[in-house]
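Here is a short report on one structure.

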Amino acid sequence: MAEGESSVAEQEPSVAEPRTIDHYLHTDRFPHIWCPGCGLGTVTAAFLRAALELGLEKDRTVVVAGIGCSSRAVGYLDFGTVHSIHGRALAFATGIKMAHPEFTVIVLTGDGDGAAIGGNHLIHACRRNLDITTILFNNNTYGMTGGQASPQTGMGGYATTAPFGFDEPSFDLCRLAEAAGATYVARGTSYGVRQLQKLIRDGITHPGFSFIEAVTQCPTEYGKRNPPKGPVQMLENLKEKAISRKKAEGMTPEELEGRIVTGLLHRDESVPELTASYARMLERIRKSADE
Amino acid sequence: MELWYTHLMRETIDQDSLLVQGNRACALGALDAGVRFFAGYPITPSSEIMEVMARELPAVGGVFMQMEDEIASICACIGASLTGEISMTATSGPGFSLMQEAIGYAIMAEAPTVIVNVMRMGPSTGRPTTPSQGDVMQARWGTHGDHPAIVLAASNVADMYRLTIAAVRFAQRFRMPVIVLADEIVGHMRESFSPEIAGRYRLTSGDFDFTETYIHPEMVREVHPPHELGTLIHPHVTGLIHDETGFPTNDPKKSEQFLRELHDKVVHHRGELCLYDVKNVGKGRVAVVAYGSCARSARAALKLAEQEGIPVEVLHLYTLFPLPVEIIQELARRVEFILIPELNLGQYAREVRRLAENWTTVVSMGRIDGNLITPRDIVDRLAELVGKYESA
Amino acid sequence: MKSTPSKQRVRSTPRFDSARCKNCGLCACVCPVASIEVPASEVPILLEPDKCTSCRSCEFICPDFAVTMAKA
């Protein structure tokens with residue numbers, strides 16, 4: 001065949017060819033905006049591998065994000081994507097899921113977006129037990145605005161708005177989500193990517209509100225002010241701090257100080273999922289109208 | 001006309017008297033216009049709208065959500081709208097303030113939705129069960145950035161019904177949020193009402209048939225390709241300045257073009273959007289421009305003033321924004337002065353003044369004690385002004 | 001028709017996409033056989049392809065979507 005020519009058969013991708021996560025990416029928009037060594041890409045990739053495992057369809061999946069570094073992920077994802085407003089991703093997602101229960105709805109948010117400005121929406125989304133999977137990228141800071149303190153900066157942490165050390169305690173976001181009524185709660189790190197992928201996959205298949213906290217590193221803004229410095233050192237730090245739920249069970253609070261408890265932390269399938277119970281209510285009304 | 005309303009609806013309307021509250025008429029209009037998603041948060045004096053929706057939407061297979069606050073309410077409405085649902089929310093001043101950021105998002109993302117603001121006296125908690133028109137400028141300029149706005153104002157119960165239908169139609173056709181303003185008195189008063197009664201009104205601005213339901217009307221050409229989630233194009237929707245692909249751009253030329261197009265779609269169709277009614281055209285030496293409850297008083301004042309020898313023209317505006325520029329300027333050319341009664345300190349009078357001051361004098365008549373402006377008040381003020389101008 | 005499979009399985013090894021790589025070094029840090037080197041401002045190099053166990057750790061950790069596994 002002469003140069004420049006190609007047959008139709010050649011243009012069509014082979015069915016047998018295994019898909020990579022590029023299938024779900026707008027690769028033409030690369031390189032992405034995240035800094036070198038930032039863990040947000042790692043967590044996004046873990047989500048996309050979970051999506052591949054489940055074979056999520058692009059036109060039946062809606063990914064909603066708020067504002068911030070983590071929320072910029074949706075700009076690269078080839079699903080129906082909504083880059084909404086700061087803190088409100090879950091409110092947008094609630095409207096989308098209630099209007100179209102058949103969609104798989106994923107929310108990508110950060111610790112500032114999800115736990116500070118969006119904290120109210122987070123607890124109410126947990127309470128409603130709507131079938132939405134929320135992945136909260138926790139990098140302990142506001143990266144996009146330049147390293148200000150977030151609710152997850154932690155006591156003694158440094159930030160541009162905590163130049164003498166932050167003196168407020170953090171949330172335990174997973175315990176918050178569980179107490180608020182989330183029926184699937186898990187935590188992973190950007191070091192334990194295989195575990196994170198599995199947790200996200202199971203969260204998506206769980207019929208109810210799933211909350212997955214992904215602890216990750218921000219070497220540029222958080223790492224610059226808080227030891228250890230550098231992406232590699234921060235990642236190794238995550239590795240050292242992470243401890244499985246099983247191992248943590250026998251440990252005292254003192255021993256668990258500063259550790260990141262990972263794994264599936266809570267799962268309850270006895271609570272009715274909201275779109276399902278709403279559909280049952282509509283059915284009840286229809287029947288009473290017919291009578 | 002056979003009402004399709006469900007068995008539940010009959011309980012909402014007192015069948016014997018057909019006395020319907022303004023807020024309920026608004027909800028009926030929304031249902032007739034095809035609204036099938038409502039998210040709201042309780043607030044006086046608008047709560048009855050969401051109460052009717054809570055009862056009626058499930059009966060027609062729609063979704064009703066009581067959200068955790070007004071921010072969540074409008075965001076849920078925008079979310080539903082992005083999937084193609086016709087959505088609406090209702091609130092009052094304080095809640096309307098909370099919604100402002102998301103209204104800007106809906107403008108930027110071209111997501112149609114309707115926001116009904118039943119206005120109370122403000123600022124802050126103010127007097128929640130007292131009529132006011134204090135949110136006119138908030139409706140126009142509440143969200144940040146340069147943006148277009150479509151704002152309608154209801155003056156009676158029938159208006160609550162038909163302007164809600166018009167708002168849904170405009171929202172769909174222009175793919176942007178549309179705001180319906182009602183004074184507390186308009187939301188809470190009860191009047192003889194049925195959709196047929198509402199259909200009998202005819203406006204000077206055109207034969208807009210409010211009895212027809214307008215589900216998914218044709219979009220104006222300036223709208224960018226709609227971004228409906230759950231379709232084969234699986235689009236990206238963002239509040240960032242974006243280009244025709246839907247993805248963000250920092251290109252100065254494209255940014256300006258995009259923002260201008262958002263404005264153009266409203267400006268180019270001002271004739272369609274500006275709903276108004278003129279009484280006594282060309283017969284008055286003076287004119288009253290009014291909207292909401294004050295327009296009712298103005299219409300009543302017309303007869304009273306004639307009896308007292310003051311020929312007056314009344315321009316009743318149903319659309320506050322986009323500004324009916326040509327209508328106001330034509331009026332300004334024919335009259336000696338324009339009086340604008342409002343339940344605020346002259347928010348709309350300022351708009352009319354800048355349009356009309358080359359040709360006539362614009363006098364603001366504001367009232368902020370929580371009482372209505374009566375027809376007598378208007379006539380007395382007109383007589384005073386006529387005397388002043390004659391002696392001058 | 002039965003093909004004759006080679007005894008030696010052809011293993012996948014990482015390929016580094018120079019257009020996407022931001023040179024952060026995380027791939028080298030997680031490599032269990034310490035076989036990846038990341039020269040300053042350059043794309044990572046697989047030092048000893050034979051040592052690679054195709055564990056995909058470098059692929060999974062890469063925050064830049066820059067690592068793909070491919071057969072030699």
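Setting aside residues up to four places away in sequence, I103(B) touches I74(B), F96(B), I115(B), T143(B) and P177(B) in this predicted model. I103(B) sits in helix α5 of chain B, which covers residues 93-109. The residue counts as buried, with 3% relative accessibility. A139(B) is 36 residues from I103(B) in sequence. In space, the C-alpha atoms of I103(B) and A139(B) are 9.9 Å apart.

Is G143(A) buried or exposed? At 17% relative accessibility, G143(A) counts as buried, because the cut-off for that class is under 20%. Beyond its neighbours within four places in sequence, G143(A) is in contact with C69(A) and E221(A). I96(A) is 47 residues from G143(A) in sequence, and their C-alpha atoms are 28 Å apart.

**How the chains meet**

Two pairs of chains are in contact, and chains A and B share the most contacts. Chain B and chain C have no contact with each other. Their closest C-alpha atoms lie 20 Å apart.

The two interfaces are set out here.

| Pair | Residues in contact | Buried area | Share on carbon and sulfur |
|---|---|---|---|
| Chain A and chain B | 39 of chain A, 39 of chain B | about 3,000 Å² | 65% |
| Chain A and chain C | 29 of chain A, 17 of chain C | about 1,800 Å² | 65% |

**Chain A with chain B**

Which residues form the salt bridge between R128(A) and its partner in chain B? R128(A) pairs with E68(B), and the closest N and O atoms are 2.8 Å apart. The interface of chain A and chain B holds one salt bridge. Polar contacts link 15 residue pairs between chain A and chain B, counting pairs with both residues at pLDDT 80 or more. On the side of chain A that touches chain B, four elements each supply at least two residues: β2 (80-83), α3 (89-99), α5 (119-128) and α12 (274-290). By class, that side of chain A divides into 17 nonpolar, 14 polar and eight charged residues.

**Chain A with chain C**

In chain A, the residues that lose the most area to chain C are H32(A), R49(A) and R194(A). Together they account for 25% of what that side buries. One salt bridge crosses the interface of chain A and chain C. It joins R20(C) to D22(A), with the closest N and O atoms 3.0 Å apart. Seven residue pairs are in polar contact across the interface of chain A and chain C, both residues being at pLDDT 80 or more. On the side of chain A that touches chain C, α2 (40-54), α7 (193-205) and α9 (231-241) each supply at least two residues. The largest share, six residues, comes from α2(A). The side of chain A that touches chain C has 16 nonpolar, nine polar and four charged residues.

**Chain C itself**

Chain C has 72 residues, and 39% of them count as buried. Its secondary structure comes to two helices and four strands. In what order do the elements of chain C run from the N terminus? The order is β-α-β-β-α-β. Among contacts in chain C with a separation of 6 or more, 58% join residues 24 or more positions apart.

**Cysteines**

How many disulfides does a search of the whole structure find? The search over all chains gives zero. Two cysteines show the reason. The closest cysteine sulfur to that of C218(A) is in C38(A), 6.4 Å away and so too far for a bond. The cut-off for a disulfide is within 2.5 Å. C218(A) counts as buried, at 8% relative accessibility. In chain C, the sulfur of C27(C) has its closest cysteine sulfur in C24(C), at 6.4 Å, which is too far for a bond. C27(C) counts as buried, at 8% relative accessibility.

Methods:
Residues numbered from 1 in each chain as written. Chains lettered and ligands numbered in written order. Predicted model: local features only at pLDDT ≥ 70, side-chain atom pairs only at ≥ 80, totals over all residues. Heavy atoms only, no water. Buried < 20%, exposed > 50% of the residue type's maximum accessible area, 1.4 Å probe, protein only. Contact = heavy atoms within 4.5 Å. Buried area = accessible area lost by both parts, 1.4 Å probe. Salt bridge = Lys/Arg side-chain N within 4 Å of Asp/Glu carboxyl O. Polar contact = N/O pair within 3.5 Å; in protein donor to acceptor, adjacent residues only side chain to side chain. Nonpolar A, V, L, I, M, F, W, Y, C, P; charged D, E, K, R; others polar.
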